[in-house]
Amino acid sequence: MKANVITAHGPAAEVFALQQVGDLVPTPNDLILKVLTTSVNPLDCRIRSKASVPRNFPLTLGFDVCGMVVEKGRDVTGFEIGDRVIGSPTPFRNGANAEYVAIDYRSCARAGRLADEAGAAIPLVGITAYEALFDRLRARRGDWVVIHAGAGGVGHLAIQLAKNAGCKVITTASRRESLEYCTHELGADHVLNYRETDIAAAIMDITDGQGAGLIMDNAGTECFARCLDYAAHSGHICTILPVAVDEQQGYRLLLKNITLSYQFMGGVGSTGDQVNRQGQVLQKLVEMAERGQLRPHVSKIYDWHDLAHAHEEMERGHVTGKLVVRITN
Ligand SMILES: NC(=O)c1ccc[n+]([C@@H]2O[C@H](COP(=O)([O-])OP(=O)(O)OC[C@H]3O[C@@H](n4cnc5c(N)ncnc54)[C@H](OP(=O)(O)O)[C@@H]3O)[C@@H](O)[C@H]2O)c1
């Protein structure tokens, strides 16, 4: 089969190559999918650009998929050849920038009435948003939740999930397009320009001096450091990035009894329960999308021969919603 692999770590313009790679053989829990669409996530760019963990080359990225089942492992139940499914292939194997991908059936959901493009826009960011909001932060009706980077892949689904659960949302963005998108399309209660506004002062004001009880950090180190200024006593910060906490920050967390949690959707390991749960979460997200309660926003569709440009756009850091990639013959 053909795959648009990376041949080494390095700049997007230098390392992609369309190559013939070995055919996939399903493990007992695998579905082999003919890939229709995939998407680009910041994770793809991170893995491509440098070696955080040792990887073998050629390596196929692409950690979302909407595809058709063409083969299944011996333990697969609930999916048949020809089903159209969506999922997030684990970043620890080869991904979906290829004609075919292998994926654990327990982490997949039927695509239902979703278009192929919407199907590839949901899995990785949707599961991340859901797990951060409801498994880590335990957001409930009436809670104030700060969701940073609201117009991004994770943020735009997190805002919709939080609003749908009855939460009140404060979000951040900077471009006029994303500020308007968060306000008018996503219905965030307060949209703050992180380049022009004193975020801490604004949030203290909005929360009548109490600070934010629940904070989802989707932007990393600097954003996280500022969270400590406006997190409420006994609040909870969930970060989806590998931020480090220094001693002073540790004190500030301690003195306010703040819970800090990390959320990595790829960190489920291989135990059945966690993988199953992601499949269930994803099925729920598909059903919400079918009912119009979740609207994945696809801002651009790239052909898979043009992955380098898709990565370059992602690396500029100002995508609205998702960049989807169509796999063509
Ligand atoms: N732990 C996990 O499982 C997991 C899963 C998915 C993603 N992530 C990580 O989470 C981050 C977000 O992912 P994503 O897919 O949502 O990325 P994305 O789609 O590339 O996010 C783009 C958005 O981020 C906003 N933004 C950029 N810098 C910001 C800042 N300093 N403060 C607030 N907003 C900012 C931009 O808004 P403006 O253009 O208006 O500035 C843009 O709309 C990435 O670093 C990614 O690696 C982790």
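Leaving aside neighbours within four places in sequence, G266 is in contact with P91 and F92, where contact means heavy atoms within 4.5 Å. This is a predicted model, in which local features need pLDDT of at least 70 and side-chain atom pairs count only at pLDDT 80 or more, while totals for chains, interfaces and linings use all residues. Residues are numbered from 1 along each chain as its sequence is written, and side-chain values use heavy atoms, with hydrogens and water left out.

- G266 lies in the loop that links β13 (259-262) to α10 (272-290); helices (H or I, at least four residues) and strands (E, at least two) are DSSP runs, numbered from the N terminus.
- G266 counts as buried because its relative accessibility is 13%, the class being defined as under 20% relative accessible area, with exposed over 50% and partly exposed in between (1.4 Å probe, protein chains only).

**Strand β9 and its partners**

- Strand β9 (residues 168-173) is mostly covered, with five of its six residues buried.
- Strand β8 (residues 144-147) runs parallel to β9 and is joined to it by four bridges, and two strands are said to pair if DSSP finds at least two bridges between them.
- Within this pairing, W144 has K168 of β9 as its bridge partner.
- From β8 the chain passes through helix α5 (residues 153-164) to reach β9, in a β-α-β crossover that is right-handed, that is, with the strands pointing away from the viewer, the path from the first strand over the helix to the second runs clockwise.
- With strand β10 (residues 190-193), β9 again pairs in the parallel sense, over four bridges, and A173 has N193 of β10 as its bridge partner.
- A right-handed β-α-β unit is also formed by β9, helix α6 (residues 176-185) and β10.

**The chain as a whole**

- The secondary structure of the protein chain comprises eleven helices and 15 strands.
- The radius of gyration of the protein chain is 20 Å, which agrees with the value near 20 Å for a compact globule of 329 residues; the radius is taken over C-alpha atoms, and the globule rule is 2.2 Å times the number of residues to the power 0.38.
- The C-alpha trace spans about 60 × 40 × 35 Å along its principal axes.
- Of the 329 residues in the protein chain, 53% are buried.
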